Amino acid sequence: MAPTIRLDGHDLALTHLDKELFPEDGLTKDDLLAHYLAVSAAMVPHLAGRALTLRRFPHGIGDEGFFQKDSGGHFPDWIRTAEIPHRRSEGSNRYVVCDDAATLMYLANLSTVEFHVQTATVDRLDDPDRLVVDLDPPPGVTLPELRSVARRVRDLYAEVGLAPFLQATGGRGFHVVAPLDRGADFPFVRALAGDLAARLAAADPDRLTTAQRKNRRGDRLFLDVNRNGHAQTFIAPYSLRSRPGAAVATPLDWSELGRAAPDGFTADSIRRRLAQKTDPWAGMDDHAAAATEARRRLDALDPL
């Protein structure tokens, strides 16, 4: 009989706990569930109210997993979902929304390794409240150089009045995220993000690029702003990543950047971290800025 836990008034049966999900690291589904239970208090506020894209690996990350957007109508009635119409075609997807620890654990029990969040909440789908620049380094970029670029993104955000927040992605790079007051739509925010990245690349064209095609980037670091489109996503804080090493996407204080690596935190170290330190992204919405004002200030900067 499957063991059960009770969370938020719901009994959850936990299945196949000994299934190995990270074969190179010896981590099982039990370890996955333990991670998400441990980080739930810090993680759920970053998921709440947002449509989720789940990356599931029922047979472990050694096999091909799949992305799930539509809930398929198979979730319990107590799990919140939101129907979101397609922008360029007929139909819609019914996304799951995770507002509590019970939902998080239910989804983790489906062998969801990664959680990806949209940059707008489901109650205001056309009004993004996050602006994201993803630093995507090619092989050969050193960690000091990657950190230097993150600081340059931070400084430009601050110069135009955005509050920069940092995340180690658990992969190859960092995210620099700014909370917004939801006063501008997706095309406006996408254009703003693109022009911020373009200004940075123009100041250092030998090392930075905004080229969409990989064959045009060469050995330059890609400043990716594609996460700022409608229904696009970025990796949620405290999500595991589906690659050997089982790194965790981790919000950071800027003072930590000098000793941080994009994949430097694991399930074990993140538990110790949260036991000693408040989530650096807690209360980030208190710093929400107007994209329109950032646009005005960016346009007023001296041309390069």
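Between domain 1 and domain 2 the count is one salt bridge, a salt bridge being a side-chain nitrogen of Lys or Arg within 4 Å of a carboxyl oxygen of Asp or Glu. The model is predicted, with local features needing pLDDT of at least 70 and side-chain atom pairs counting only at pLDDT 80 or more, while totals for chains, interfaces and linings use all residues. Residues are numbered from 1 along each chain as its sequence is written, and side-chain values use heavy atoms, with hydrogens and water left out.

An automatic or database domain assignment divides the chain into domain 1 (4–125 + 263–278) and domain 2 (130–230 + 287–300), whose C-alpha centres lie 27 Å apart. Nine residues of domain 1 are in contact with eight residues of domain 2, where contact means heavy atoms within 4.5 Å. Together the two domains bury about 910 Å², of which 47% is on carbon and sulfur atoms; buried area is the accessible area (1.4 Å probe) that two parts lose on being put together, summed over both. Of the area that domain 1 buries against domain 2, 53% is supplied by Thr-119, Arg-124 and Asp-263, more than by any other three residues.

The structure as a whole holds 23 salt bridges, and the table lists two pairs, including Asp-134 with Arg-227.

| Salt bridge | Closest N and O atoms |
|---|---|
| Asp-134 and Arg-227 | 2.8 Å |
| Arg-182 and Asp-123 | 3.7 Å |
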